[in-house]
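Please keep the sequence and the model at hand while reading.

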Amino acid sequence: MSYDWASLNFAYRDVNCHIRYVWKNGKWDNGLLVKEPFLNVHIGATCLHYGQDAFEGLKVYRTADNKIRSFRPLENARRLNRSAARSCMAEVPEEMFMDALRRVVKANEEFVPPYGTGATMYVRPLLIGTGPQIGVNAADEYTFIIMVMPVGAYYKGGLQPVRALVIEDFDRAAPNGTGTVKMGGNYGAALLPHKIAHDKGFPIDLYLDPVQHKYIDEFGTSNFIAIDGKGAYVTPLSHSVLPSVTNKSLQQLAKHLGMTVEVRPIEFTELPSFQEIGSCGTAVVITPVNEIVRGDQVIKVGPREGAGPVLQNLYDHYTALQWGKEEDPFGWMVEL
Ligand SMILES: *Cc1c(COP(=O)(O)O)cnc(C)c1O
């Protein structure tokens, strides 16, 4: 492959093939590698009409020892199955998920960027109802796909802080709705508030709890994390936040490094007391957030440039572990 790996952005790119499985008559087939990036879908498919659609996102790395490894893929398999259960879709057995991942990565091996470029292979599993229904019912056929593509390092230099806008007129998810599962529809509903924030000059948007708008929930596509006045790692406890694998892993790493970790309701009014705030997710790991705007109120936290020392330290250890530059005491990196 003759990519300029280091300058790839986070965008769709054609590769050799994706892998596709179909569930029919109560069972999954053996899966096929498919070259064309198109699906021939029934016009009555439930994914199109009724949102039977869940997805995942994870990464594959060519590590320092030139092996191909994926970061905690079973976490994504399990979360996909929680999404499947929430929308009455056929679940994907963990062994099938892992087998699909191995096969599709192997078939696209030349698109796993070389070690040292900062680029990775982004992996996007997708589960959709493909059987037709006109009454509101679960489909009798499902399709499971994994597509892959090379993506560049998000930060070409050091970590760059961003400003976030608090969304007041919309909620990302209802209390006890689908905020805790990774369903496509959550994103459809978040596009307009995201556009409004973006048009006002804010790269990311922050949602409050949908009941009272009193507590912090999460950013539009990533979890909220902060370092409080005592140096503890704090992150919201909420009924409408998506459980991020990155957040879960950063919590484990923080504890391993001797930090206190608190998962608790966080009031919006606490924000000024924090030393550092970040957004976390697979694509970027940590984005420092140094300004949060809610109406006329402007809250500034952490340094103007770069990340604060605690989030920077977590980021450095986390990414060193992923690249195989530091040992992986948790067994998170799975050789494919
Ligand atoms: C996917 C997602 C995240 C990040 O989860 P990771 O597993 O860390 O990538 C955070 N919030 C929402 C709403 C998401 O959909």
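The model is predicted: local features need pLDDT of at least 70, side-chain atom pairs count only at pLDDT 80 or more, and totals for chains, interfaces and linings use all residues. Residues are numbered from 1 along each chain as its sequence is written, and side-chain values use heavy atoms, with hydrogens and water left out.

**Helix packing**

Two packed helices are described by the angle between their axes and the distance between the axes. Helices (H or I, at least four residues) and strands (E, at least two) are DSSP runs, numbered from the N terminus. Axes are lines fitted to C-alpha atoms, for helices over the stretch in contact, with angles from 0 to 180 degrees between N-to-C directions.

Helix 2 (residues 73-86) packs against helix 3 (residues 94-107) at an angle of about 125°, and their axes are 10 Å apart. Helix 2 is therefore oblique to helix 3 (angles under 35 degrees count as roughly parallel, over 145 as roughly antiparallel, 65 to 115 as roughly perpendicular and the rest as oblique). Residues in this contact (heavy atoms within 4.5 Å) include Leu-74 and Leu-80 of helix 2 and Phe-97 and Leu-101 of helix 3. By class, the contact of helix 2 with helix 3 has seven nonpolar, one polar and two charged residues; Ala, Val, Leu, Ile, Met, Phe, Trp, Tyr, Cys and Pro count as nonpolar, Asp, Glu, Lys and Arg as charged, and the others, Gly among them, as polar.

For helix 5 (residues 245-256) and helix 6 (residues 309-322), the axes come within 11 Å and cross at roughly 105°. Helix 5 is therefore roughly perpendicular to helix 6. Leu-314, His-317 and Tyr-318 are the helix 6 residues in this contact, which has six nonpolar, three polar and no charged residues.

**The ligand surroundings**

Among the 15 residues around the ligand, those that come nearest are Lys-182, Tyr-187, Ser-244, Thr-246 and Thr-282; a residue is near if one of its heavy atoms lies within 4 Å.

| Residue | Polar atom | Distance |
|---|---|---|
| Lys-182 | side chain | 2.7 Å |
| Val-245 | backbone | 2.9 Å |
| Thr-282 | side chain | 2.6 Å |

**Two individual residues**

Arg-294 lies in strand 16 (residues 285-294). A polar atom of the Arg-294 side chain is 3.2 Å from the backbone oxygen of His-213. Leaving aside neighbours within four places in sequence, Arg-294 also contacts residues including Glu-168 and Phe-268.

Gly-184 belongs to helix 4 (residues 184-199). Not counting residues up to four places away in sequence, Gly-184 touches Asp-53, Ala-54 and Phe-55.

Notes. Polar contact = N/O pair within 3.5 Å; in protein donor to acceptor, adjacent residues only side chain to side chain.
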